[in-house]
Amino acid sequence: MSTFSRLEVGLLIFLIIVVVLPFGLILVIAEESPYHQVFGEPVKEAAQATGITITSVKDTTWNLPGAIGGKTYVLTDNAGEVVTVYTQSFDSAQSREAAIRLYNAQPVGRGKPVGSLVVLGQHLVYVTPANSNILKNLAPELIKKISS
Amino acid sequence: MSEEQTSQSNGIPSKKVLGLFALAMINVAAVLSIRNFPSMAVYGWSCIGWYILGAVMFLIPISLAGAELATGWPQGGGVYAWVKQAFGEKGGFTALFCEWSNNLVWFPTVLSFIASTLAFALTPALANSPFYMFSVMMIAFWGTTAIAYFGEEASTKFGNVGVILGSIIPAILIILLGVWWMGSGQAIVLPPLTLAAMVPTINVTTLPFFATIVLLFAGMEMAGFHALETRNPQKDFPRAMALSAVIIVVCTVLATLAIAMVIPANQLNLASGVMQAIEYFFKAAGVPWLVGPMAVLITLGGVVSLAAWLIGPAKGLGIVAEEGNMPPLFDRTNKYGAPVAVLVIQALIGSVISLLYVFLPSVNQAYWILSAMTVELLCIVYVLVFASVIKLRYSQPNTPRPFKIPGGMIGIWLVGGLGMFGTIFAFIVGLMPPSYFTTSGFVYVGSVLLGTFLLAVPPLVFLKFKKSSWCKPAGGVR
């Protein structure tokens with residue numbers, strides 16, 4: 001039966017720590033988005049507060065367990081940029097977490113998922129494209145909703 | 001020794017079981033994914049332009065570079081063997097380790113996809129249960145590891161059958177339904193095809209997507225890890241690269257267009273899932289009963305993709321350990337020639353990360369940062385591979401290469417340079433935080449770079465502490 005030297009065991013522990021460390025670090029740095037009730041229509045209110053025009057609104061319910069309805073907004077700003085924002089409320093923290101997992105499980109190739117998913121209490125807000133000026137302007141207003 | 005066997009340095013015979021078809025299927029398993037189709041279908045006709053960009057900036061360069069490197073240096077270890085020839089052990093080990101460690105971040109996402117797709121076939125509400133998710137994820141992960149345990153022959157059989165059933169058949173089915181849709185006079189939701197419609201919009205808002213497209217075909221180097229088990233690497237690698245590239249491109253482009261023609265872009269809400277898009281597609285085509293079987297097949301496709309990425313880099317690390325660059329603890333090979341120690345360590349770490357992924361609440365922002373790290377790690381691998389294929393033309397010009405990138409030095413610089421440009425571009429854009437991020441840009445970039453550094457640096461530590469006793473003498477006994 002073979003035995004392992006201290007160096008071998010030390011390097012194994014080093015490997016495990018170094019590989020797991022980034023996960024721990026990032027989980028600590030990234031802000032939590034606890035499940036709680038956010039009232040009203042956060043995207044509509046944020047758009048109104050920032051002077052972004054809502055060109056159309058439609059009711060939608062995502063085909064996901066626990067999804068209880070939301071809206072699809074088409075937004076445009078003064079520069080002519082157009083983004084589509086989908087919102088959806090979930091009936092429980094578990095169903096919302098499952099939807100977040102599903103989104104993260106669908107990257108394109110080995111990259112990142114398409115669009116951005118913002119977690120806002122019981123709502124998920126999905127915006128595409130991910131890096132738009134409209135989302136940049138909406139974000140501070142949406143963050144206020146999280147903290148309020 | 002029989003012609004069908006070769007002896008590894010540890011004395012355990014490795015069967016030469018892989019031919020052209022099996023090699024091609026390894027690449028197809030690693031790259032072809034139904035998950036990409038709805039994401040790309042959103043872009044309508046311009047998905048053609050995006051695919052062309054992905055092919056020109058990455059797929060063609062990596063296929064050509066992989067073919068030249070695999071035929072010139074068919075020693076096993078894939079990217080490790082290739083980069084080592086150009087930049088020494090540090091470079092080779094770093095490239096391989098980046099490929100292996102980026103998998104650890106990716107595993108939970110593909111496992112989660114497998115579990116939620118299977119739930120869709122059974123009872124979709126199951127996906128809301130973290131216990132269901134974790135159980136299925138672990139069965140898939142350890143089951144795939146168990147298949148890898150039984151060596152190349154078992155993995156190859158599983159991979160060949162799995163990729164046909166789980167990736168190629170679903171893609172062909174989607175294409176055929178698209179053809180039927182057009183032929184039966186149903187309304188096509190796309191506008192008429194024009195050249196302008198195929199041109200993708202490239203601006204600041206689409207840059208992250210552009211960077212994603214560059215790595216859409218990542219994994220084309222996967223067959224290179226299996227060189228030791230390949231019957232005729234010099235002949236089979238280039239042909240396998242070509243065959244897999246054709247299968248991947250044809251299936252991907254046509255299936256994406258089929259979905260884009262049937263489902264309106266506003267219905268392709270990507271946050272609500274690939275299976276939901278597939279369900280919409282099959283219901284529209286009048287075959288809703290096919291949704292359940294498709295979910296099962298796509299689950300299998302996910303498992304086969306997992307297997308391809310799980311086995312390849314682990315085999316590479318096994319070779320690194322066998323060469324004495326890691327302690328003997330990592331160099332445990334079973335009677336089937338599988339690197340059991342690496343497989344078990346990988347499965348244990350992957351299980352811990354999956355546990356965090358499923359049970360820690362609100363990991364959305366955290367996971368975005370982690371997936372950014374996987375992009376950066378993969379970019380490091382590919383930059384090193386492209387740099388190697390260029391450097392080796394200068395440092396080892398006389399090494400026989402049964403396949404050579406055509407065009408002499410201009411050709412090698414064009415192909416290698418294009419690939420390097422694409423991956424460096426993806427690396428830089430990968431550092432851009434999404435606009436909604438509440439974490440400051442400095443913290444975001446710092447986290448991604450620090451995480452990438454931590455996941456790339458262990459090879460340098462291992463080589464620093466390397467002992468001569470870690471190397472096996474001839475005969476394989478330490």
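Tutor: Chain A has four helices and five strands, where helices (H or I, at least four residues) and strands (E, at least two) are DSSP runs numbered from the N terminus. This is a predicted model: local features need pLDDT of at least 70, side-chain atom pairs count only at pLDDT 80 or more, and totals for chains, interfaces and linings use all residues. Residues are numbered from 1 along each chain as its sequence is written, while chains are lettered from A and ligands numbered from 1 in the order in which they are written.

Student: What pattern does chain A follow along the sequence?

Tutor: The pattern is α-α-β-β-β-α-β-β-α.

Student: Why is chain A called more spread out than a compact globule?

Tutor: Take the radius of gyration over C-alpha atoms; the globule rule is 2.2 Å times the number of residues to the power 0.38. For 148 residues the rule gives 15 Å, and chain A has 20 Å, well over that, so chain A is more spread out. Its C-alpha atoms fill a box of roughly 70 × 35 × 30 Å along the principal axes.

Student: What does the rule say about chain B?

Tutor: For 478 residues a compact globule would have a radius of gyration near 23 Å; chain B has 22 Å, so the value agrees. Chain B comes to 16 helices and two strands.

Student: What share of each chain counts as buried?

Tutor: A residue is buried if 20 or more other C-beta atoms, placed from the backbone, lie within 10 Å of its own. In chain A, 47% of the 148 residues are buried. In chain B, 60% of the 478 residues are.

Student: What makes strand 1 and strand 4 of chain A edge strands?

Tutor: Two strands pair if DSSP finds at least two bridges between them. The five strands of chain A form an open antiparallel sheet in the order 1-2-3-5-4. Strand 1 (53-60) and strand 4 (116-120) each pair on one side only, hence edge strands.

Student: How do you know that strand 2 and strand 3 of chain A pair?

Tutor: Five bridges join strand 2 (residues 70-76) to strand 3 (residues 82-89), and the definition asks for at least two. Y73(A) stands opposite V85(A) in strand 3.

Student: How many residues of chain B are in contact with chain A?

Tutor: Contact means C-beta atoms, placed from the backbone, within 7 Å. By that test, 73 residues of chain B are in contact with 65 residues of chain A. Helix 13 of chain B gives the most to that side of chain B, with 13 residues.

Note on methods:
Contact = placed C-beta atoms within 7 Å. Buried ≥ 20, exposed ≤ 12 C-beta atoms within 10 Å, placed from the backbone.
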